[in-house]
Amino acid sequence: TERKKKTQNLIVCKSPPFLLAIMVTIFTAPYHGYQVLFSPFERNKIAFTGAVNYGISGNGALLIYERDEVGYKEFRRYPWKDGLFDVTWSELNEAVLVTASGDGSVVVYDQAQPNGPVTVLTGHTAEVSSVHWSMTRQEQLVVSASWDGTVRLWDPNAQVCVAIFTEHTGLVYASVWSPHLPHTFASVSGDGSIRLWDCSTPPNSIASVNASCGEVLSCDWSKYNEVITTFLMIQPTYQALGHFELLLHYLPELGGCLLNVFYLSRCMYFFLFQYLLFTGGVDCAVKLWDIRQLGIPLHVLMGHGQAVRRVRASPHDPNIIASCSYDFTVRLWNIGTGHLGGGLLDIIAHHTEFTYGLDFSLHDPGMIADCSWDQTIKLLTPVSIAPKPAV
């Protein structure tokens, strides 16, 4: 009882130098965590989805927590008849959320309605593993990925399925909208592939690559769209092809200057972040991809001891990404450092079970939240990515 009353702990991140961070713990029993997300509208709200019995059988719930001057308190609890494996906030209405259910349904909630969902969208024939609301203003649509091997496109206002995408040959674990490219989303699957789709021209994918010999479990896009040079280490395979040939592809973005190409080929990589996609999977690797050149990853970040369950890109720094894993840890990476360690910043080991959910706060730079099968949510601002104090 005393342990549950205490919500703040001091943790040590395991990368040198050993860094201290203040952590808030929220207990979610009886639900084992699958995803946690900060609200994009309200600084003090987070949403959590989970399931009893680790999601193998039994019910689940959507829990919404609100922070006041004392700490985080439960604001809404929406039990559901099956496990809930993902959640996405509406990009149009701060009160609306959509969840992915183990019974194959996509469930829509409105916080103004405290007693249950407002809409249940059906069509998938197996567990829904991922849901994501479009991040551009061109469309207000939701994509859902399912273990039935399909991705479905939904209009939540009309309450209809708009399109079905069927090229994957394995379980589909995630489908995520690009924040920059209209109508475009990426999906990853147990068949080891990444596929890119344009929902304005269904049902065929516009690009694909066999990204791994094992299952790919997660993907996310860079939140930035400017042209940036970085000291990111380029894959040896690209070096074998020749930096010069590779960088000629980016000549228009280099201002058409061959001198720039020659200089950058020696020490830098130059790209538009809007084309950068991150993936994680059972090969324990976090991979970086330029979607214009999908054949080979730009870089592979190694270090996790078990499958990478989720990857997230920072909304505040184009070089910072986070990953969580079945090895119970969260890792923070700086892809712009250029050294062979892949820019590992921190190994945060504060869970005692699989770490499933992960998110960056849009409102508080450097703050992250994660959740685990150990029935806890952790919120913290690691020193390694915290805003630097003004001098």
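**Start at the tail**

Select Ser384: at 19% relative accessibility, Ser384 counts as buried (buried means under 20% relative accessible area, exposed over 50%, and partly exposed in between, with a 1.4 Å probe and protein chains only). The model is a predicted one, in which local features need pLDDT of at least 70 and side-chain atom pairs count only at pLDDT 80 or more, while totals for chains, interfaces and linings use all residues. Residues are numbered from 1 along each chain as its sequence is written, and side-chain values use heavy atoms, with hydrogens and water left out.

Ser384 sits in the segment after strand S31. Here helices (H or I, at least four residues) and strands (E, at least two) are DSSP runs, numbered from the N terminus.

**The whole chain**

The secondary structure comes to four helices and 31 strands. Of the 391 residues, 59% count as buried. Contact means heavy atoms within 4.5 Å. Among contacts between residues at least 6 apart in sequence, 50% join residues at least 24 apart. The accessible surface comes to about 15700 Å², and 55% of this surface belongs to carbon and sulfur atoms; accessible areas come from the Shrake-Rupley method with a 1.4 Å probe, and for residues only the protein chains shown count as cover.

**The largest pocket**

Next, select His132, Met135, Lys223, Arg312 and Asp359, which lie nearest the centre of the largest pocket, among the 36 residues that line this pocket. On a 1 Å grid over the protein atoms alone, a pocket is an open set of points with protein on both sides within 12 Å along at least five of seven lines, a cavity is a set of points where a 1.4 Å probe fits but cannot get out, and lining residues have an atom within 4 Å of a point.

Strands that give two or more residues to the pocket lining include S3 (32-38), S11 (128-133), S19 (216-221) and S29 (355-360). The largest pocket has a volume of about 710 Å³; grid points are joined across faces, edges and corners, and a volume is the space filled by probe spheres set on the points. Coloured by class, the pocket lining shows 20 nonpolar, seven polar and nine charged residues. Ala, Val, Leu, Ile, Met, Phe, Trp, Tyr, Cys and Pro count as nonpolar, Asp, Glu, Lys and Arg as charged, and the others, Gly among them, as polar.

**The largest cavity**

How many cavities of 30 Å³ or more are there? The count comes to two. For the largest cavity, select the residues that line it, among them Ala211, Glu215, Thr279, Asp283 and Lys287. About 50 Å³ of space lies in this cavity. Strand S22 (residues 276-281) gives the most to the cavity lining, with three residues. By class, this lining divides into three nonpolar, four polar and three charged residues.

Move to Ile26, Ile46, Phe48, Tyr65, Tyr72, Ile377 and Leu379, the residues with the most contacts inside the largest nonpolar core, which has 17 residues. A nonpolar core is a set of buried Ala, Val, Leu, Ile, Met, Phe, Trp, Tyr and Cys residues joined through side-chain atoms within 4.5 Å. Strand S5 (60-67) is one of the strands that supply at least two residues of this core, and S5 gives the most, with three residues. Centre on Tyr65: not counting residues up to four places away in sequence, Tyr65 touches residues including Ile26, Phe27, Asn44, Glu74 and Ile377.

A second, separate core of 16 residues includes Ala174, Leu181, Ile194 and Ala211. Select Leu181, in the loop between S15 and strand S16 (184-189). Leu181 is buried, with a relative accessible area of 16%. Leaving aside neighbours within four places in sequence, Leu181 is in contact with Trp221, Gln274, Tyr275 and Ile291.

**Backbone stops**

Most residues other than glycine have a negative phi, and most peptide bonds are trans.

- Pro30, in the loop between S2 and S3, is joined to Ala29 by a cis peptide bond with omega of about 10°.
- Tyr54, in the loop between S4 and S5, has a positive phi near 60°; at 32% relative accessibility, Tyr54 counts as partly exposed.
- His183, in the loop between S15 and S16, has a positive phi of about 70°; His183 is partly exposed, with a relative accessible area of 27%.
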